[in-house]
Amino acid sequence: MDEAERERPRLGRAAPVRVRVPAKINLHLRVGDLRPDGFHELSTVYHAVSLYDEITARSGDTLTLTMEGEGAGHLPLDESNLAIRAARLLAEHTGRPPYARLHLRKNIPIAGGLAGGSADAAAALVACDALWNTGLTRDHLADIAAEIGSDVPFLVLGGTALGTGRGERVSPVLAPGHTWHWVLAFADDGLSTPEVYAEIDRRRANGIADAVAGEADMLLAALRQRDPEILAATLVNDLQAPALALRPELMRTLMAADDVDALAGVISGSGPTCVFLAADSRHAAAIAASLERSGVCRSTATVTGPVAGARVV
Ligand code: C5P
């Protein structure tokens, strides 16, 4: 059977749906109080960047997930996988059987602070929504997304957005169309998000006064000015100090920002991926090459943002 024949829908079966979903970085991340539900109150600015995972959903008689790429052979493909959870939850909400064959092509590293798992959940939601023709509104989809994880609603939305609550309440940032250039520096091993949040609690309980990120106003103003030098001075992340405490060698990667002439370097979300801001695409390519030569990271990717959220392609 050739590729075209394989893709042809069988009688009564929906055509396959392919969805592309970006990674996110946090341009601003302020961690507030620990809430009774175990989450922290957040004020964040999410930014979707052009590093993508892809999910293809086909009709099936059960719910299955296969994958290739980053983390294949390590990432569990069972009920604990966020893509499976997303498909099941959507089926529950729409009162239909959760039947689909999902295939994930993964580029976003696992446990990298780039919301890779949440991205896959967002992609699975959008893919199954189209495959099953549920007719749900974007708002309803965002509600289901929030049940899966704090970052999932943003990955359905994409662009640049303010996140509040535990991060699940998102509203687009109305910044003029401008493309920002970034270099992502990937680490060998992931960091556990709950452990990084636990470390910030421990540090606060012990009176270790990490510099707390201020309001996002400066950053939002910098985005409007389209000047990377100004934006560089406003990037902040309250999770950076706890991530560095858990993984001190990341300091070498961050410190490399000066040597490689980046405008700024910051840890993405709960880490360990480090993000460097570049003035333009040539600058980004030069930063990536210097980082690779210096051996302070596993590998790099040059990306741009903002880009759209999970979309059928
Ligand atoms: O929402 P999500 O499942 O992605 O969160 C993963 C973990 O990160 C939570 O279980 C919690 O430990 C921590 N977290 C937090 N406060 C947030 C978001 C996440 O403490 N606002």
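First, a word on naming: helices are DSSP runs of H or I with at least four residues, strands are DSSP runs of E with at least two, and both are numbered from the N terminus. This is a predicted model, in which local features need pLDDT of at least 70, side-chain atom pairs count only at pLDDT 80 or more, and totals for chains, interfaces and linings use all residues. Residues are numbered from 1 along each chain as its sequence is written, and side-chain values use heavy atoms, with hydrogens and water left out.

Let me start with the ligand. Which residues surround the ligand? They are Gly38, Phe39, His40, Leu42, Gly149, Ser150, Arg166, Thr193, Pro194 and Tyr197; a residue is near a molecule if one of its heavy atoms lies within 4 Å of it. α6 provides the largest share of this shell, three residues, and β2 and α6 each supply at least two. By type, the shell has four nonpolar residues, five polar and one charged. Here Ala, Val, Leu, Ile, Met, Phe, Trp, Tyr, Cys and Pro count as nonpolar, Asp, Glu, Lys and Arg as charged, and the others, Gly among them, as polar.

Next, the polar contacts, meaning pairs of N or O atoms within 3.5 Å. An N or O atom in the side chain of Ser150 is 2.5 Å from an oxygen atom of the ligand. For the side chain of His40, the distance from an N or O atom to a ligand oxygen is 2.7 Å. Arg166 uses its backbone instead: an N or O atom there lies 2.9 Å from a nitrogen atom of the ligand. The ligand taken alone exposes 450 Å², and the protein buries 75% of that, with areas from the Shrake-Rupley method and a 1.4 Å probe.

Where does the ligand sit? It sits in the largest pocket, in the sense that more than half of its atoms lie within 2 Å of the pocket's grid points. On a 1 Å grid over the protein atoms alone, a pocket is an open set of points with protein on both sides within 12 Å along at least five of seven lines, a cavity is a set where a 1.4 Å probe fits but cannot get out, and lining residues have an atom within 4 Å of a point. The largest pocket holds about 1,000 Å³ of space, a volume being the space filled by probe spheres set on the points, which are joined across faces, edges and corners.

Its lining has 41 residues, and Leu82, Ser118, Asp151, Thr193 and Pro194 lie nearest the centre. Elements giving two or more residues to this lining are β1 (17–34), β2 (40–58), α2 (82–94), α3 (116–131), α4 (138–148) and α6 (193–205). The largest share, four residues, is from α3. The lining divides into 18 nonpolar, 16 polar and seven charged residues.

On to the cavity. Searching the whole structure finds one cavity of 30 Å³ or more. Its lining consists of Ile25, Asn26, Leu27, Trp182, Leu235, Val266, Ile267, Ser268 and Val275. β1 and β9 (264–267) each give two or more of these residues. Seven of the lining residues are nonpolar, two polar and none charged.

Last, the backbone. Most residues other than glycine have a negative phi, and most peptide bonds are trans. Ala115, not a glycine, has a positive phi of about 60°, and lies in the loop between β4 (100–106) and α3. A cis peptide bond joins Gly271 and Pro272, with omega about 5°. Pro272 is in the loop between β9 and β10 (274–278). The bond from Gly305 to Pro306 is also cis, with omega near 0°.

How values were computed
A polar contact is a pair of N or O atoms within 3.5 Å; within protein, one must be able to donate a hydrogen and the other to accept it, and residues adjacent in sequence count only if both atoms are side-chain atoms.
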